[in-house]
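Colleague: I am new to this structure and would like to be taken through it. Could we look at it together?

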Amino acid sequence: GPCVALTFDDGDISIADYVAPFLRQRQIPATLFINTAYLGGRSSYWSPILSYLIASENACGRVALTNQLRTEALQLREIRHSKLYNRVRTEVEKLAFLVPDLGSRLVSEHWLSKLDGDQFVIGAHVDEHERFSMMPPEWQRNDLRENVRRLSQFRAYRPILAVPFGRAWDWTE
């Protein structure tokens, strides 16, 4: 009969707080594609930082982004020039210190270690959540290797991959 595969990317804390309890109660399986560079909240990638900064501008009028950086950052998902992509994403990522409680915004390694691999499995989503097509091949290989190395410690890990952003122009062979 009809079926569906539920997947959740990145490791946002809402997976642990809302999604997993909802799915557990209904015995619905899912795959969690996890970026490992941000576990423990030491850093984050540009997209959640940008979302937070824009929302906080709207809520309290504080401006952390210059007009130029804001304009360029809002185009990061579409940019096709790696030098521009890397310059802009690096500038946004330097503003991570402005995001309060960064570590509490992602699932923890402890939470992942409690998954048994039956109802919920963990898949690779690369170490850093960057557009692979914007990064050199050696960076791509190293980033994926690091993600697999770190995820392999978890009982629920399975060797499957979801490419960050997932558009045809965001990955390479």
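Modeller: One term is needed before the strands are discussed: two strands pair if DSSP finds at least two bridges between them. With that in hand, Leu32 has Ile122 in β3 as its bridge partner. Please keep in mind that this is a predicted model.

Colleague: What is the average pLDDT of the protein?

Modeller: The average is 90, and 97% of the residues score at least 70.

Colleague: And where is confidence lowest, and where is it highest?

Modeller: The lowest mean, 84, belongs to helix α2, residues 46–60. The highest, 97, belongs to strand β3, residues 120–124.

Colleague: Let us stay with β3. Why is β3 described as largely enclosed by the rest of the structure?

Modeller: Five of its five residues are buried, so β3 is largely enclosed by the rest of the structure.

Colleague: How many bridges join β2 to β3?

Modeller: Five bridges join strand β2, residues 30–34, to β3, and the two strands run parallel. β3 also pairs with strand β4, residues 157–161, in the parallel sense over two bridges. In that pairing, Ala124 stands opposite Leu161 of β4.

Colleague: Through which helix does the chain cross from β3 to β4?

Modeller: The chain passes through helix α6, residues 137–151, and this β-α-β crossover is right-handed.

Colleague: What does β1 pair with?

Modeller: Strand β1, residues 7–10, pairs with β2 in the parallel sense over four bridges. Within β2, Phe33 is the bridge partner of Asp9. The chain goes from β1 to β2 through helix α1, residues 14–26, in a β-α-β crossover that is right-handed.

Colleague: Changing topic: how many aromatic pairs does a search of the whole structure find?

Modeller: The search finds three aromatic pairs. One of them is formed by Tyr38 and Tyr45, which are tilted, with 5.5 Å centre to centre and 40 degrees between the planes. Tyr38 and Tyr45 are both buried. Another pair consists of Phe132 and Trp139, whose ring centres are 5.6 Å apart.

Colleague: Why is the pair of Phe132 and Trp139 called edge-to-face?

Modeller: The planes of Phe132 and Trp139 lie at 75 degrees, so the pair is edge-to-face, the cut-off being over 60 degrees. Phe132 is buried, with a relative accessible area of 10%.

Colleague: Which residue lies over the face of Phe22?

Modeller: Arg26 does, at 3.6 Å from the ring centre.

Colleague: One last topic, the backbone. What is phi of Val126?

Modeller: Phi of Val126 is near 70 degrees, a positive value in a residue other than glycine. Most residues other than glycine have a negative phi. Val126 is in the loop between β3 and α6 and is buried, with a relative accessible area of 1%.

Colleague: And where is Phe165?

Modeller: Phe165 is in the segment after β4. Its phi is near 70 degrees, again a positive value in a residue other than glycine. At 19% relative accessibility, Phe165 counts as buried.

Terms used: Residues are numbered from 1 along each chain as its sequence is written. This is a predicted model: local features need pLDDT of at least 70, side-chain atom pairs count only at pLDDT 80 or more; totals for chains, interfaces and linings use all residues. Side-chain values use heavy atoms; hydrogens and water are left out. pLDDT is the predictor's confidence in each residue, from 0 to 100. Buried means under 20% relative accessible area, exposed over 50%, partly exposed in between (1.4 Å probe, protein chains only). A crossover is right-handed if, with the strands pointing away from the viewer, the path from the first strand over the helix to the second runs clockwise. Rings of Phe, Tyr and Trp (its six-membered ring) pair if their centres lie within 6.5 Å; planes under 30 degrees apart count as stacked, over 60 as edge-to-face and the rest as tilted. A charge sits over a ring if NZ of Lys or CZ of Arg is within 6 Å of the ring centre and within 35 degrees of the ring normal.
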